[in-house]
Every structure is written in C-alpha cells, then in structure tokens.
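Trainee: Could we take a close look at a single part of this one? I'd like to go through the surroundings of one residue.

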Amino acid sequence: MALPRRLLGADETVVLHLRTHPKALVLPALCGILLIAAVVAAFTLTIPRLRPWLDWGTLVVAGILFIVLTLVPFLRWLTSTYTLTDRRVITRHGIVTTTGHDLPLSRINNVTYERSLLDRLLGCGTLQFTTAAEAPVTLPDVPDVERVHVVMTELLFGDAEGDNRGPEGRD
C-alpha cells in the first residue's frame, strides 16, 4: 500500500516506498505455528470428561495469545512504512493511532547506514539521517539499505553526472 497521493505536496514525486524488512515477522510466525501445535496437542491429550470446558478454555487462551503474539506484530509491520520523495523522508507507524514524521531533505546533512552480520545475510540494515538541529533520525530494518543509501545521497548531494544542486536547488 503506497502513500496516498493526497498526502504528497504539489509536484512531489515518490522515489521509494518501503516497509521494514520481513525479518520482523519470523518470531510472530513461529509463535503462531507453536500455538497451533499446542492447541492440537491439548485437544488430543485432554481427558474426555473434561473435554468441553478445556477445549473452550484452550481456544480462548490460544486466540488471545494469537492476537497478541502473531496478529498485532503483523499489523504493526504492515502499517509501518518509509517513503522517500524528492522533497522529504516520510515515516508512518501505527495500527489504531498513526504516528508520522516528515523530514525535509534540505535539513539532512549526512546519511549513514549500519549492517550487522545478520542484516548482511538478510539484505537489510539501519539507515541514519543526521540533521543540524535535531537528534539523528534512525530507520531500522530498511530492506536493501545500500541501494536506499545511494538513492538518498543522489537526492541530497547530486548524482554521478555532476548534478550537485541538492534538494533546495532542484526545480
């Protein structure tokens, strides 16, 4: 789901629209699988005379755990986006209450990235923007962080063809 056009300025163009890396879904998926296995085990091992009450109790507890451990993290991942336009970096997070942060490209002084060994294996990393006035803005688990870093530096400081105008000098 891309950022709606109504949230962009006049003549603003989306360069990249990303979600955090799907590695955030591994643990919730494992929890979901383990919950299903636990429910099946509970149904097969239940004493027959206690069956109706234990079955319902098992389903209620498993349902609550599924919502908390699997569904909520998936929805959190689904609703967390990073959008890079030709004018700003836009972050949106939240399931019920949405939190957003817009950082104009003209305020960014430096762009760095960091990749741990696991991040390198999975093809993601953390992107950090340094501004003159604020604390650094950090975007964790950015997929293909090196490519995003190159796109950001081209937007900020010009491309390889010698265009060094930066975002404030662009038409």
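Leaving aside its neighbours within four places in sequence, which residues is H149 in contact with?

Mentor: Quick ground rules: this is a predicted model, where local features need pLDDT of at least 70, side-chain atom pairs count only at pLDDT 80 or more, and totals for chains, interfaces and linings use all residues. Residues are numbered from 1 along each chain as its sequence is written, and side-chain values use heavy atoms, with hydrogens and water left out.

Now, H149 touches V111, T112, Y113 and L127, once neighbours within four places in sequence are set aside; contact here means heavy atoms within 4.5 Å. H149 sits in helix α4, residues 145-157 (helices are DSSP runs of H or I with at least four residues, strands are E runs of at least two, both numbered from the N terminus). H149 counts as buried because its relative accessibility is 16% (buried is under 20% relative accessible area, exposed over 50%, partly exposed in between, with a 1.4 Å probe and protein chains only).

As for strands, β6 (residues 124-131) pairs with β7 (residues 137-143) in the antiparallel sense over 5 bridges; pairing takes at least two DSSP bridges between two strands. One of those bridges links G125 to V142 in β7, and the hairpin from β6 to β7 runs through 5 residues.

Then there's D144, in the loop between β7 and α4. D144 has a positive phi of about 50° despite not being a glycine, and at 37% relative accessibility it counts as partly exposed.
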